Amino acid sequence: MLLHSPLVLLLALAALPCMALAAPATISASHDSLEQRITACTACHAQQEKHDAFFPRIAGKPSGYLYNQLLNFRERRRQYPMMNYMVEHLPDDYLREIADYFAAQHPAPPPAQPSSAGTTALERGKQLVLHGDAGKKIPACIGCHGQQLAGVAPAIPGLLGLPRDYINAQLGAWKNGIRRAHAPDCMAQVAQRLSDADVGAVSAWLGTQVASADARPASSIALPLPLHCGGVPGSSAQVAP
């Protein structure tokens with residue numbers, strides 16, 4: 001089921017215990033080492049994620065993607081109080097250093113998530129991820145996120161290993177205008193074309209998949225991308241918006 005605005009807010013409120021843990025370790029350039037500086041990050045984004053619905057797997061994501069998300073939090077295109085607070089005064093170079101650090105981490109992929117979705121829903125999710133839906137002008141996820149769904153450097157994230165509920169919530173946030181990216185916001189366009197059932201199907205199927213232990217973001221992808229994305233240099237539209 002798609003998480004609409006009140007439930008997206010609930011996700012943030014439910015995360016307060018982790019926020020309290022992270023607050024004393026607010027990122028600061030005055031710390032002696034990068035590992036010490038990112039203590040606030042690892043308080044929530046632990047190396048060994050356990051399908052926590054609130055905190056995504058960021059280790060191994062392309063550096064450019066992580067950097068863009070830190071900018072989005074700093075500039076309030078994404079709203080999450082602790083993230084907004086931690087990065088609001090950090091300079092670009094420092095955010096890039098954090099992004100580079102996590103991009104270089106490659107812990108073992110988490111196991112598949114159990115799913116109560118039926119066969120029909122899982123098949124629909126697989127169809128959308130691998131082939132899209134031409135009738136609804138929905139491109140396949142692999143068209144941008146790579147054949148292995150491990151992302152594409154420098155700025156497209158991987159999708160495997162993310163908590164199912166997190167994917168669900170983020171698609172809901174794009175659909176409701178809570179999450180935004182640089183215009184043109186291609187993910188907002190995709191989310192608007194997905195029904196609530198489609199969102200549930202995609203997140204359920206992705207949750208059942210496990211990345212290869214040696215999966216890494218692809219170094220390139222066939223261009224032009226299906227949609228023009230403001231955060232992806234060199235992309236241009238094939239599918240009408």
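**Exercise 1. Work out how much accessible surface the chain has and what share of it belongs to carbon and sulfur atoms.**

Step 1: the area comes from the Shrake-Rupley method with a 1.4 Å probe, and here the total is about 11,300 Å².
Step 2: carbon and sulfur atoms hold 59% of that surface.

A quick heads-up: this is a predicted model, where local features need pLDDT of at least 70, side-chain atom pairs count only at pLDDT 80 or more, and totals for chains, interfaces and linings use all residues. Residues are numbered from 1 along each chain as its sequence is written, and side-chain values use heavy atoms, with hydrogens and water left out.

**Exercise 2. Find what percentage of the chain's residues is buried.**

Step 1: buried means under 20% relative accessible area (1.4 Å probe, protein chains only).
Step 2: with 241 residues in the chain, the buried ones make up 50%.

**Exercise 3. Decide how helices α10 and α12 run relative to each other.**

Step 1: locate them. Helices are DSSP runs (H or I, at least four residues), numbered from the N terminus; α10 covers residues 164-175 and α12 covers residues 196-207.
Step 2: The angle is about 150°, and the axes lie 8 Å apart.
Step 3: over 145 degrees counts as roughly antiparallel, so α10 and α12 are roughly antiparallel to each other.
Step 4: check who touches, with contact meaning heavy atoms within 4.5 Å. Ile167 and Leu171 of α10 are among the residues involved, as are Val199 and Ala204 of α12.

How values were computed:
Axes are lines fitted to C-alpha atoms, for helices over the stretch in contact, and angles run from 0 to 180 degrees between N-to-C directions. Helices (H or I, at least four residues) and strands (E, at least two) are DSSP runs, numbered from the N terminus. Angles under 35 degrees count as roughly parallel, over 145 as roughly antiparallel, 65 to 115 as roughly perpendicular and the rest as oblique.
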